[in-house]
Amino acid sequence: MAASKKKGNRKKWIIAALIVAALCVAVFFIVKAFRKEDKGDSVVYVTPVSMLMDKLLLGQNVYAGIVVTQGEVTVNNDDGNRISDYYVKEGDTVTVGTPLFKYDVNALQDSLTSKEIARDRAKIALESAQKARDDAQKALNEADSGARAAAELTLRDSELALEEARLTFEKAEKAVTEASDKINNATVLCEIDGTVSKVTKADYGNQSSTDSESSQMGGAVITIEKSGNLQVKLSLGELDFNSIEDGMEVTVQSRTDESKTWTGTIRKAVLTENTDSKESSESQQTNLAYVTLDTSDGMVSGQHVKVTRKTDEKEDKRIFIDPSYIVDAGKSSPYVWADDGTGLLEKRKVELGEKDSEGKYEILSGLGLTDAIVLPSDDLAVGMSCKIGDPSAEASTASGAEPGEAGNAKPGEAGNEKTEEAGNEKQETGESSTSAV
């Protein structure tokens with residue numbers, strides 16, 4: 001009977017133990033579920049150190065540019081004379097003295113003959129006006145007191161007519177001289193070194209036009225871009241245009257051979273400038289900027305290049321953080337709230353250096369450009385989920401790309417990838433790398 005009683009007590013203890021174990025398991029999973037739910041709802045938005053240091057303003061943005069000359073010259077046919085021959089075509093390289101085109105000498109001779117006739121008529125008119133003035137002067141000299149006033153008026157009118165005739169003759173004589181000079185210099189020569197960018201051929205009725213934009217005589221015939229003095233032209237959107245400044249130092253890199261680089265400074269274009277060039281219509285529609293090059297050796301007009309902000313190597317190795325991100329900055333163990341590289345928040349101990357002119361602390365150790373941090377607050381706790389971005393953009397992000405797509409990568413994956421890339425680059429170059437976000 002005693003054995004039976006012991007057996008019953010043992011059975012009760014086993015049942016009680018199983019119940020306690022089941023309760024413990026249930027409590028564990030309930031707590032875990034609540035922690036997971038709480039963790040999922042409490043997302044901390046962190047900002048990369050590189051962005052806080054303004055490294056992504058231009059240094060990480062690559063702008064497309066094209067090499068152009070700093071000016072152009074147009075050779076005009078303002079008088080609308082017939083052109084018999086064109087000696088250059090678009091894309092030709094020309095130098096001082098290169099024949100560009102030739103006026104039709106026969107047409108020029110006809111023009112000269114008509115101008116000579118006009119000059120001879122003007123000469124006859126001048127001689128007649130001179131005689132009329134002399135007669136008026138003689139009449140005034142012989143006039144009595146009663147006729148003197150009328151004689152003076154006649155003399156004044158004759159002098160005005162004489163001056164008008166003299167101006168007409170001088171103009172006609174000048175036209176004859178210019179027409180004669182054109183015959184003697186019927187072949188127009190280039191006056192600069194450069195590249196022909198446009199040839200406009202007029203349609204004279206018996207000569208077909210090869211330029212659909214021009215079918216009339218006169219105006220620009222040849223447009224030449226000056227050689228040397230190359231620059232890089234950038235066509236930018238409004239945000240990019242506003243993010244650059246005059247005098248900003250940049251690096252220019254060849255698109256086909258990345259080993260070829262040049263340096264220069266940014267010059268923003270005024271939208272109303274270059275009104276006498278072919279870029280005037282474009283400048284009113286596009287924000288233009290130009291790179292004034294330190295040297296253009298090896299460049300050619302029309303070459304496509306990439307432009308980025310030039311950064312100082314010493315500055316790239318140093319990190320400066322605003323004191324508002326640092327907890328206990330004046331104490332022995334300062335730290336920041338940072339993504340631990342797996343998408344979870346941690347307290348990251350940092351070693352501080354001196355402040356810069358803006359009051360920012362130099363970070364001697366503990367943070368790299370690829371790390372991401374957040375401003376301290378009472379709501380932060382170790383282990384909270386981290387996400388790079390702006391909480392105000394969450395709604396648009398959720399309705400757009402799926403998690404894990406570009407621009408919305410999972411924190412853990414982004415952190416691991418950045419850490420691995422940064423480590424590899426540091427081993428190869430000894431410098432910190434900047435990751436675009």
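What is the accessible surface of the protein, and how much of it belongs to carbon and sulfur atoms? The accessible surface comes to about 26,900 Å², and carbon and sulfur atoms hold 50% of it; areas were computed by the Shrake-Rupley method with a 1.4 Å probe, and for residues only the protein chains shown count as cover. The model is predicted: local features need pLDDT of at least 70 and side-chain atom pairs count only at pLDDT 80 or more, while totals for chains, interfaces and linings use all residues. Residues are numbered from 1 along each chain as its sequence is written, and side-chain values use heavy atoms, with hydrogens and water left out.

The protein has nine helices and 21 strands, taken as DSSP runs (H or I of at least four residues for helices, E of at least two for strands) and numbered from the N terminus. Of its 437 residues, 32% count as buried, where buried means under 20% relative accessible area, exposed over 50%, and partly exposed in between (1.4 Å probe, protein chains only). Among contacts (heavy atoms within 4.5 Å) between residues at least 6 apart in sequence, 72% join residues at least 24 apart.

The largest nonpolar core has 22 residues; such a core is a set of buried Ala, Val, Leu, Ile, Met, Phe, Trp, Tyr and Cys residues joined through side-chain atoms within 4.5 Å. Val94, Leu100, Phe101, Val196, Ile222 and Ile224 touch the most other members. Two or more residues of this core come from each of strand 4 (83–86), strand 6 (99–103), helix 3 (105–142), helix 4 (148–184), strand 8 (194–199) and strand 9 (220–226). Beyond its neighbours within four places in sequence, Ile224 is in contact with residues including Val94, Leu100, Cys190 and Val196. A second, separate core of 19 residues includes Val250, Val291, Leu293 and Val307.

Strand 2 (residues 63–69) pairs with strand 14 (residues 304–309) over four bridges, and Tyr63 has Val307 of strand 14 as its bridge partner. Strand 14 is also joined to strand 11 (residues 249–254) by five bridges, with Gln253 opposite Lys306. Five bridges likewise join strand 11 to strand 12, where Glu249 stands opposite Thr265. A hairpin of six residues connects strand 11 with strand 12. Strand 12 in turn is joined by five bridges to strand 13 (residues 287–293), and Gly264 stands opposite Leu293.

Ile266 belongs to strand 12 (residues 261–268) and counts as buried, at 4% relative accessibility. Its C-alpha atom is separated by 4.7 Å from that of Val291, 25 residues apart along the chain.

Two bridges link strand 15 to strand 19 (residues 361–365), and Phe320 stands opposite Glu362.

In soluble globular proteins, nonpolar side chains tend to be buried together.

Technical notes:
Two strands pair if DSSP finds at least two bridges between them.
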